[in-house]
There are 2 protein chains.
Amino acid sequence: MEEKVLVIGHKNPDTDSICSALAYAHLKKELGSNAEAVRLGTPNKETEYALDYFKVEAPRFIERVEDDVKEVALVDHNEFPQSVDNIRDVHIAEVIDHHRIANFETSAPLYFRVEPVGCTATILNKMYKENDVKIPSHIAGLMVSAIISDSLLFKSPTCTEQDVEAAKELAEIANVDLNTYGLEMLKAGTNLQDKSMDELLANDAKVFDMHGENVEVNQINAVDIDEVYEKQEAFEKAIEAYVEEKGLSLYLLVVTDILNSNSDVLAIGKETQKVEKAFNVTLDNNRAMLTGVVSRKKQIVPPLTDAFKA
Amino acid sequence: MEEKVLVIGHKNPDTDSICSALAYAHLKKELGSNAEAVRLGTPNKETEYALDYFKVEAPRFIERVEDDVKEVALVDHNEFPQSVDNIRDVHIAEVIDHHRIANFETSAPLYFRVEPVGCTATILNKMYKENDVKIPSHIAGLMVSAIISDSLLFKSPTCTEQDVEAAKELAEIANVDLNTYGLEMLKAGTNLQDKSMDELLANDAKVFDMHGENVEVNQINAVDIDEVYEKQEAFEKAIEAYVEEKGLSLYLLVVTDILNSNSDVLAIGKETQKVEKAFNVTLDNNRAMLTGVVSRKKQIVPPLTDAFKA
């Protein structure tokens, strides 16, 4: 048997990170590699819904890459702080991603494929075709779930024509109606009832190095923003303690109304004025409404990074 | 007319950087973009031979990206220190490369395609096919020249099956015999007669950030290593002054015997012991023979970077 290859999505995994890890591991296995999908955290409610629907087990959880692993493939991320803790000690052979490139470095060449599309699964859909491998129905289901999740059912400005086309193709293979299935899956993800404060804060949080400052941005999807902010005081206390513990310059909680495509953000930390500068808003009670903003990657991280630049 | 897009190869351009810039600009123009190939330095003798043979003008020289340029595509490099001086102020929309990834960062997603093949032109050959664009004979000639150059006529360990296949296809379109044309082109590049010391030292030099230390590695192809080292004393003086001026920790001159596939290196700077450590050799009169070593990318940079790590 060939040596082990792990396919790894990012920490605080979202649906794309879990499903694209599974989909890419499947493709690699079909091509003869001893690949296994793994995860760096607990699947969220939305992802659970998708896994249950298509009757697929979640990838195995790992805390670090084991010594007997020959190489790893990263999907849906490239920044080391978002990856497995011992990422600097492993051989990264491949990266398939759709995010900005930063905090990534290798000493040898590799296969690195980043495209400005809305979802990793859209790139994987091409790779299945390029390699002439048929996508099984349950894998297609996971892939279309990832696209629906990342594009908020095609409403996000990160969504491209390629994502829409791929989703249509995959929905047909998976035998689901895009709108019906998509809305059900997104709604499953907005259920915050049985989540602890710690779980909410880790939810979909990503750490970014913005010109030397550590900034964490967490996004929570909701159908009712007010319901989420009923807990604002508890959020603030928990975030303040977390910011202190992790030495963050800024923690930004982004609560996104998935039906109306707005985000109500809560900013905590010594650099909250960077949020005001980035989005030209004034924080009131630590919060601000960002109209039409739904994409962390395209509408939040770039202006916020620029605000830290000057 | 659509806004300007520049296709840029690295500083101290080699044949791949010049020819792939021309080949990718041509592809982009065919796809409707207002693209122009540019260069960041003087083409070397080998590249001149290829340009003359296929009757193509060298790309336009630029010192910095002009303000009216909308976006740039980098070919054959991704590290900012190897790119145009104002690279941090321009919009990088695409990268097509085959090197390690380091010292690269964007605030937004982009099309970033790095593959572990021997030459950028090999990736471009695929992209022409993917986009269903026919390669004109003179562009195919430039592309096959790039592959011959980077692979030292398929002798380098960086050379993959894909490079060999692409070169065969392109040689047919360009109507050249691979061996005859390839050897003539490589030999044209070994002619050091009319080069000044400054030209020799800038020849094919690249600067690498190795764990915080600035290291410059320059490669000169030769058919007779001894002939090159007739000038050893003059080299050393010039390099010492250069190391001082640029604040380098190490300058490594790699003189590669293209017929016998060995390299005789000359190391200058305060970190020369890193060369001994990386290659398990002892420098004698500042020099060491690295048997079977011909590839800077695959056989020199990775072990040298590792030597700086510990």
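Mentor: Let us start with burial: a residue is buried under 20% relative accessible area, exposed over 50% and partly exposed in between, with a 1.4 Å probe and protein chains only. The model is predicted: local features require pLDDT of at least 70 and side-chain atom pairs pLDDT 80 or more, whereas totals for chains, interfaces and linings use all residues. Residues are numbered from 1 along each chain as its sequence is written, chains are lettered from A and ligands numbered from 1 in the order written, and side-chain values use heavy atoms, without hydrogens and water.

Trainee: Why does His10(A) count as buried?

Mentor: Its relative accessibility is 0%, and the limit is under 20%, so His10(A) counts as buried.

Trainee: What makes Asp14(A) buried?

Mentor: The relative accessible area of Asp14(A) is 10%; this also falls under 20%, and Asp14(A) is therefore buried. For chain A as a whole, 61% of the 310 residues count as buried.

Trainee: Where is His10(A) found, and which residues does His10(A) touch?

Mentor: His10(A) is found in the loop between β1 (4-8) and α1 (15-30) of chain A. Helices (H or I, at least four residues) and strands (E, at least two) are DSSP runs, numbered from the N terminus. A contact means heavy atoms within 4.5 Å; leaving out residues up to four places away in sequence, His10(A) touches Ser17(A), Leu40(A), Val75(A), Asp76(A), His77(A), Gln82(A) and Lys206(A). Asp14(A) is found in the loop between β1 and α1 of chain A, and its contacts, counted with the exclusion of residues up to four places away, include Asp76(A), Asp150(A) and Asp204(A).

Trainee: Which residues does the UniProt feature "binding site" name?

Mentor: The unreviewed UniProt entry places this feature at His10(A), Asp14(A) and Asp76(A). They are spread over 67 residues of sequence, yet they cluster in space, with a largest C-alpha distance of 9.5 Å. UniProt positions follow the numbering used here, feature names are shortened, and an annotation may be inferred rather than shown by experiment.

Trainee: How do you know that the radius of gyration of chain A agrees with that of a compact globule?

Mentor: The radius is taken over C-alpha atoms, and the globule rule is 2.2 Å times the number of residues to the power 0.38. For 310 residues a compact globule would have a radius near 19 Å; chain A has 19 Å, so the two agree. Along its principal axes, the C-alpha trace spans about 55 × 45 × 35 Å.

Trainee: Why are β7 and β11 of chain A said to stand at the edges of their sheet?

Mentor: Two strands pair if DSSP finds at least two bridges between them. Five strands of chain A form an open sheet in the order β7-β8-β9-β10-β11, with mixed pairing. β7 (206-210) and β11 (287-290) each have a single partner strand, so one side of each lacks a neighbour in the sheet. From one strand to the next, the twist averages 25°.

Trainee: How many bridges join β8 and β9 of chain A?

Mentor: Eight bridges join β8 (residues 213-222) to β9 (residues 250-257) in chain A, and the strands run parallel; against the criterion of at least two, they therefore count as paired. Asn218(A) has Leu253(A) as its bridge partner in β9(A). Helix α9 (residues 232-246) of chain A packs on the sheet, touching β8, β9, β10 (262-268) and β11, and makes about 50° with β10(A). Such axes are lines fitted to C-alpha atoms, for helices over the stretch in contact, with angles from 0 to 180 degrees between N-to-C directions. Helix α11 (residues 296-309) of chain A lies across β7, β8 and β9, at about 155° to β8(A).

Trainee: What makes strand β4 of chain B mostly covered?

Mentor: Six of the seven residues of β4(B) (69-75) are buried. This strand runs parallel to β1(B), to which five bridges join it; Val5(B) stands opposite Glu71(B).
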